[in-house]
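Dear colleague,

I am passing on the structure we spoke about, together with my notes on it. Please open it beside this message, as the notes follow the model.

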Amino acid sequence: MRISNVFSLTGTLTRETVGRGSKSERDVMVLSTTEGASCTLRLAAQNPFQIAPELLALEGQVVTISEGRLIGGNTLLVDSSSRIAPRP
């Protein structure tokens, strides 16, 4: 598994369904940047099959991630919701 550190990433949080039609179908939060990149966002302590309430509260907002780890190519794992700040 490839792991990379990420510092200061800004984008819009939206809810999307992944794995549609499979046993792994679930809703996830996706961070999409203005450059066209996107990744699944989740908190480290969060169940991968559920969205943390802290992330749901930020749905549709532009946020900045101050620190996280990109795992498996497209999942941004953030240690704490304190690392996620809404932009004014």
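The notes below take up the core, then the strand pairings, and then the pocket.

Please bear in mind throughout that this is a predicted model.

The largest nonpolar core comprises 15 residues, and those with the most contacts inside it are Leu41, Leu55, Ile65 and Ile84. Two or more residues come to this core from each of β3 (26–32), β4 (38–43), β5 (62–65) and β7 (75–78), with β4 giving the most, namely three residues. As general background, nonpolar side chains in soluble globular proteins tend to be buried together.

Turning to the strands, β7 pairs with β4 in the parallel sense, the two being joined by four bridges, and Leu41 stands opposite Leu76 of β7. Strand β7 also pairs with β6 (residues 68–71), here in the antiparallel sense and over three bridges, with Arg69 standing opposite Leu77 of β7. In the hairpin that β6 and β7 form, three residues lie between the strands, and Gly72 takes a positive phi near 60 degrees. As for the side chains of β7, Thr75 and Leu77 point one way while Leu76 and Val78 point the other way, and all of them are buried, that is, under 20% relative accessible area.

The remaining item is the largest pocket, which holds about 160 Å³ of space. Its lining is made up of 15 residues, and of these Arg26, Val28, Thr40, Arg42 and Pro48 lie nearest the centre of the pocket. The elements that give two or more residues to this lining are β3 and β4, and the largest share, four residues, comes from β3. By class, the lining has seven nonpolar, five polar and three charged residues.

With best wishes

Notes
Residues numbered from 1 in each chain as written. Predicted model: local features only at pLDDT ≥ 70, side-chain atom pairs only at ≥ 80, totals over all residues. Heavy atoms only, no water. Core = buried A, V, L, I, M, F, W, Y, C linked by side-chain atoms within 4.5 Å. Buried < 20%, exposed > 50% of the residue type's maximum accessible area, 1.4 Å probe, protein only. 1 Å grid on protein atoms, 1.4 Å probe; cavity = no way out; pocket = protein on both sides within 12 Å on 5 of 7 lines; lining within 4 Å. Points joined across faces, edges and corners; volume = space filled by probe spheres on them. Nonpolar A, V, L, I, M, F, W, Y, C, P; charged D, E, K, R; others polar. Pairing = 2+ DSSP bridges.
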